[in-house]
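Subject: Structure handover

Hello,

Here is the structure for your work. My notes follow below it.

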Amino acid sequence: IQCSLSGGQLNVMPRWRLQENVIELASGARISDLPLTSELASDWLGYVSPMLAESASVQGVISGRLQQFAGFVDTPERSLVVGVLSLPQASAAAGPSLEPVIRVLELVGKDNLANRQLIFPTQQVRIHVAQNVVEHDRLQMDLNDYQIATSGRISLDERVDLTLSVPLEKGADGRRVQIPVRGTIRRPVPAMDGLLQNLGQQELRSRLDGELNRQLDKGLNRLLDKLR
């Protein structure tokens, strides 16, 4: 079957196994250049990224290719989907769940993140659906050069169990912290306690290191004064 679908292109080869009442799609089934809308982000892509689902503004296109699809009509919980989601170009306004993360980045980086736009770089994200759970590995987002990533599981009843990987410096390399995200697709909740505790310990270590360096400098200066 080849046809247009909401502005994109659908190409699938289906098979219906009547005895087991299972609908299968041959490997390589794909949808290409599907325009990204708020409805699509909320109703479908929210199971991959709640940050897309809660955004008031999304733009771009997405594509997807299936490696395996078996839909059990009588027992949907047995259904299996394995595929790759492609994001050649996409962006979204950062939603309210990222606000506390943004404030921490502004504090740590001493930077005003006036641009709250999430840019999804060209990437392919592996998707696995089984036992009513959608899993994905490393969906990357760029926020003012802070390269954020998510991985984890979202159940079909919309419960979220993700990890948000957040850099403390701009760029690909540098210190990162892992923030658990719970809640639901409609209301994801980052657990900020561990991050704030981590930052507090780092700040304390920084102060101690600074004080130690000052004491060493004083001792060295006194020694140099005696030698003069």
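The largest pocket has a volume of about 1,100 Å³. A pocket here is an open set of points on a 1 Å grid over the protein atoms alone, where a 1.4 Å probe fits, with protein on both sides within 12 Å along at least five of seven lines. Points are joined across faces, edges and corners, and the volume is the space filled by probe spheres set on them.

This is a predicted model: local features need pLDDT of at least 70, side-chain atom pairs count only at pLDDT 80 or more, and totals for chains, interfaces and linings use all residues. Numbering runs from 1 along each chain as its sequence is written, and side-chain values use heavy atoms, without hydrogens and water.

The lining divides into 27 nonpolar, six polar and two charged residues. Nonpolar covers Ala, Val, Leu, Ile, Met, Phe, Trp, Tyr, Cys and Pro; charged covers Asp, Glu, Lys and Arg; the others, Gly among them, are polar. Strand 6 (58–72) gives the most, with seven residues. Strands are DSSP runs (E, at least two residues), numbered from the N terminus.

Next, Gln123. This residue sits in strand 9. Gln123 is buried, at 8% relative accessible area (buried is under 20%, with a 1.4 Å probe, protein chains only). A polar atom of its side chain lies 3.1 Å from the backbone oxygen of Pro121.

Best wishes

Methods: On a 1 Å grid over the protein atoms alone, a cavity is a set of points where a 1.4 Å probe fits but cannot get out, and a pocket is an open set with protein on both sides within 12 Å along at least five of seven lines; lining residues have an atom within 4 Å of a point. Helices (H or I, at least four residues) and strands (E, at least two) are DSSP runs, numbered from the N terminus. Buried means under 20% relative accessible area, exposed over 50%, partly exposed in between (1.4 Å probe, protein chains only). A polar contact is a pair of N or O atoms within 3.5 Å; within protein, one must be able to donate a hydrogen and the other to accept it, and residues adjacent in sequence count only if both atoms are side-chain atoms.
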